[in-house]
Amino acid sequence: MPRDAPSPVGAGSALLKVTNIETYYGPIQAIRGVSLEVPDGRIVAVLGANGAGKTTILKTISGVMDPRKGQIVFDGREIQRMSPDRVMRLGICHAPEGREVFPFLTVRENLMMGAYTRRDRDAVARDMETCFGYFPVLQERQHQRASQLSGGQQQMLSISRALMGAPRVLLLDEPSLGLSPILVKQIFEIVRRINRERGTAILLVEQNAHIALETADYGYVIEVGRIVMEDECSRLMQKDDIKEFYLGQKDAGVRGRRRWKKKKLWR
Ligand code: ATP
């Protein structure tokens with residue numbers, strides 16, 4: 001359910017603040033000056049089509065890729081170009097696209113991998129119980145290899161492994177990918193619970209605009225590496241362009257042409 005959220009922009013208290021990042025794959029520029037904010041305890045979504053640059057934004061935040069330009073500030077500290085390991089230790093944990101679990105490790109071992117930077121054993125054990133509470137099937141199958149799980153269960157494991165790092169910000173890359181509508185609903189209910197019960201801020205990137213807008217407080221729309229629109233999700237849902245191009249609701253009005261103007265470029 002969407003909640004009333006103050007606009008992160010200008011709120012001055014963003015836990016994670018990304019400013020004008022540009023990220024390349026060799027000579028190919030994937031991200032063209034993206035800025036966004038994730039306030040503490042909120043859910044923020046980045047919507048966009050295939051290849052728009054969503055995954056690259058998350059990889060740049062988590063340190064898997066280095067931006068060529070721009071700044072990423074987490075809890076008052078610049079983190080761009082830090083190693084993924086350091087970023088994780090600071091409290092940003094990433095559940096990557098395609099549920100990249102360790103197939104030959106058991107479910108339990110996968111979860112322990114998520115906590116490898118932690119020394120607080122009791123808290124780690126408690127967090128594992130919490131994950132099992134969210135996804136009981138993981139407890140039932142904790143001694144089986146991850147490769148034996150279904151796609152939905154692997155997604156649950158991927159999210160849980162990220163939670164085992166005790167994140168303050170959880171980066172979720174397309175949790176709905178390849179899952180049935182029922183599983184998508186279940187997984188997003190848990191995403192909302194994680195946010196509500198643990199106060200974890202979540203940056204969610206999704207092609208499934210319906211579920212992302214229902215789940216998040218605030219949303220950004222990205223096209224070809226640029227943010228073209230942003231607003232509270234309750235307002236984004238009402239916009240004609242979003243209805244037409246992302247929610248599949250066509251009105252009798254102008255079709256086939258985006259009405260938004262290009263957002264300011266930050267160069
Ligand atoms: P998807 O939903 O398909 O993952 P996305 O919005 O997450 O899409 P990205 O994966 O971030 O998009 O890709 C952004 C752009 O960068 C695309 O044009 C893509 O083709 C390109 N790209 C992604 N990975 C590579 C790579 N390893 N080498 C070269 N170009 C890449």
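# A first walk through the predicted model

1. Of the 13 residues around the ligand, Tyr25, Ala30, Lys54, Thr55 and Thr56 come nearest; a residue is near a molecule or strand if its C-beta atom, placed from the backbone, lies within 6 Å of it. Helices (H or I, at least four residues) and strands (E, at least two) are DSSP runs, numbered from the N terminus. H1 supplies three residues, the largest share of the shell. By type, the shell divides into four nonpolar, seven polar and two charged residues. Here Ala, Val, Leu, Ile, Met, Phe, Trp, Tyr, Cys and Pro count as nonpolar, Asp, Glu, Lys and Arg as charged, and the others, Gly among them, as polar.

2. A word on what you are looking at. This is a predicted model, in which local features need pLDDT of at least 70 and side-chain atom pairs count only at pLDDT 80 or more, while totals for chains, interfaces and linings use all residues. Residues are numbered from 1 along each chain as its sequence is written.

3. Now the overall picture. The protein has ten helices and ten strands. Of its 267 residues, 45% are buried; buried means that 20 or more other C-beta atoms lie within 10 Å of a residue's own, exposed means 12 or fewer, and partly exposed is in between, with C-beta atoms placed from the backbone. Among contacts between residues at least 6 apart in sequence, 68% join residues at least 24 apart, a contact being two residues whose C-beta atoms, placed from the backbone, lie within 7 Å.

4. Lys17 stands opposite Val73 in S4.

5. Leu15 is worth a visit. Leu15 belongs to strand S1 and counts as buried because it has 21 C-beta neighbours inside 10 Å. Leaving aside neighbours within four places in sequence, the contacts of Leu15 include Val38, Phe74, Val169 and Ala201. Leu15 and Gly76 are 61 residues apart in sequence, and their C-alpha atoms are 7.7 Å apart in space.

6. Strand S9 (residues 218-223) runs antiparallel to S10, with six bridges between them; Tyr218 has Glu232 in S10 as its bridge partner.

7. Look next at strand S8 (residues 201-206), where six of six residues are buried. On one side these are Ala201, Leu203 and Val205, and on the other Ile202, Leu204 and Glu206, leaving both faces covered. Strand S3 (residues 43-47) runs parallel to S8 through five bridges, and Val46 stands opposite Val205. S7 is also joined to S8 by five bridges, in parallel, and Leu170 stands opposite Ile202. From S7 the chain crosses through helix H7 (residues 181-198) to S8 in a right-handed β-α-β crossover: with the strands pointing away from the viewer, the path from the first strand over the helix to the second runs clockwise.

8. Finally, two loop residues to check. Asp75, in the loop between S4 and S5, has a positive phi near 50° without being a glycine. Asp75 counts as partly exposed because it has 15 C-beta neighbours inside 10 Å. Arg81, in the loop between S5 and helix H2 (84-90), is not a glycine either, and has a positive phi of about 70°. With 11 other C-beta atoms within 10 Å, Arg81 is exposed.

Methods: Pairing = 2+ DSSP bridges.
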